[in-house]
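Subject: Structure handover

Hello,

Here is the structure you asked about, with the sequence alongside. My notes on what turned up follow below.

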Amino acid sequence: MDLSTTYLGLKLPHPIMTGASPLVDDLDMVKRLEDAGAAAITMHSLYEEQITREQLGMVYRMELLDSVSAEALSYFPRADEYRLGPHQYLEQIRLIKQTVKLPVIGSLNGTTAEGWLDYARLIQQAGADALELNVYHVAADPRESGAAVERRLFDIARAVRESVTIPLSVKLSPFYSSVSHVASQLDALGIDGLVVFNRFYQPDIDLQELSIVPSLSLSSSSTLLLRLRWLALLYGRVKASLAVTGGVHTPQDALKAVMAGASAVQTVSAVLQHGPEHIRTLVDGMRAWLDEHEYESLKQAQGSQSLERSPNPAAFERAQYMRLLQSFQMS
Ligand SMILES: Cc1cc2nc3c(=O)[nH]c(=O)nc-3n(C[C@H](O)[C@H](O)[C@H](O)COP(=O)(O)O)c2cc1C
């Protein structure tokens, strides 16, 4: 069974890879991921705040925090709380490239198109095969319009696009008012891949302690559904290749993502839960399902459940929604 795929111009034996996560911090783990057959690995993110802190010493750029109080500084981790400092991060990419043959995708995470983006070039020089941009931003400022939030994303994407020659992807948020428009704008900027979707952490409230609890819960397969919809809507409508991230736990999850339009399938929670060998379980399970259902290749399945040919996907979605609500039976 030919499971090969092309993502970000990288020719891969199959679509399963790890998403951005600390799995790459340990070289033994990286080797285990290679042994388990991962098609690629994604570095955890290097953060704008880390780089800026390092560039300017302890004189931290207040305007970065949009003129909020010094209290805001204390929200961010101290330099020694990050897993790898900016130099160590680049060194880790070099070490990984010396140790394994896997394609390595770097990851940059920030919210402004400023000097920290020089690191995009350094990540390329360190040997990364591609770069993923994560603009994790909660639009909490009532003075900033949706268009302004999007403009910032485009400014960052444009600046990075101009500074690197390796393939570049953007990890999208599901919370833009028009994900389709954002995707097409990024496409026009020459972004090679879209990663669907960033998983925003959702803090809880501890009623006992009366405090906000930052909770990082691992995903489940239900996390995938939002991604499936948007992969299906974007497939065939953008030139960029699509990757899924969020909720891939089983071979069936991975197949659904491919059928919706993904060229690459990123997984983190499942590997954290079951270990790197889970990659092999996913690949073998996909192959077995495709064999059993008489597919000749993964490519034959790719995009087969997308809305590529739908002349009016918005009307299709609305009709489905109405039909679903109408059909609900009270028990
Ligand atoms: C412990 C942990 C660390 C993560 N670190 C990053 C990161 O540095 N950068 C990033 O873009 N995403 C990061 N993520 C998000 C993952 O890349 C992924 O998008 C998310 O976990 C959803 O995929 P999953 O359902 O397979 O876990 C992290 C997730 C976890 C669980």
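The lining of the second largest pocket is made up of 7 nonpolar, 4 polar and 2 charged residues. Please bear in mind throughout that this is a predicted model. The lining has 13 residues in total, and those nearest the centre of the pocket are His-137, Ala-139, Val-149, Phe-175 and Tyr-176. The volume of this second largest pocket comes to about 190 Å³.

Next, the helices. H3 covers residues 86–99 and H4 covers residues 118–125; the two pack at an angle of about 30 degrees, and their axes are 9 Å apart. Angles under 35 degrees count as roughly parallel, so H3 is roughly parallel to H4. On the H3 side the contact involves Pro-86, His-87, Tyr-89, Leu-90 and Ile-93, which meet Tyr-119, Leu-122 and Ile-123 of H4. Sorted by class, this contact of H3 with H4 holds 7 nonpolar residues, 1 polar residue and no charged ones.

H2 (residues 48–55) is mostly covered, with 6 of its 8 residues buried. Those buried residues are Glu-48, Glu-49, Gln-50, Ile-51, Thr-52 and Arg-53. They pack against H3 and H4, and also against strands S5 (46–47) and S6 (104–109).

The loop between S6 and H4 contains Gly-115. Its relative accessible area is 36%, so Gly-115 is partly exposed. The C-alpha atom of Gly-115 is separated by 9.9 Å from that of Ala-159, although the two residues are 44 apart along the chain.

Some backbone details are worth checking on your screen. Most residues other than glycine have a negative phi, and most peptide bonds are trans. The following places depart from that pattern.

- Leu-8 is not a glycine, yet has a positive phi of about 55 degrees. It sits in the loop between strands S1 (5–7) and S2 (10–12). Leu-8 counts as buried because its relative accessibility is 4%, and the cut-off for buried is under 20%.
- Glu-294 also has a positive phi, near 60 degrees. This residue lies in the loop between helices H10 (278–292) and H11 (298–301). With a relative accessible area of 70%, Glu-294 is exposed.
- The peptide bond from Val-196 to Phe-197 is cis, and its omega is near -5 degrees. Phe-197 is in the loop that runs between strand S9 (193–196) and strand S10 (204–206).

Regards

Conventions:
Residues numbered from 1 in each chain as written. Predicted model: local features only at pLDDT ≥ 70, side-chain atom pairs only at ≥ 80, totals over all residues. Heavy atoms only, no water. Axes fitted to C-alpha atoms, helices over the stretch in contact; angles between N-to-C directions. Helix = DSSP H or I, 4+ residues; strand = E, 2+ residues; numbered from the N terminus. Parallel < 35°, antiparallel > 145°, perpendicular 65-115°, else oblique. Contact = heavy atoms within 4.5 Å. Nonpolar A, V, L, I, M, F, W, Y, C, P; charged D, E, K, R; others polar. 1 Å grid on protein atoms, 1.4 Å probe; cavity = no way out; pocket = protein on both sides within 12 Å on 5 of 7 lines; lining within 4 Å. Points joined across faces, edges and corners; volume = space filled by probe spheres on them. Buried < 20%, exposed > 50% of the residue type's maximum accessible area, 1.4 Å probe, protein only.
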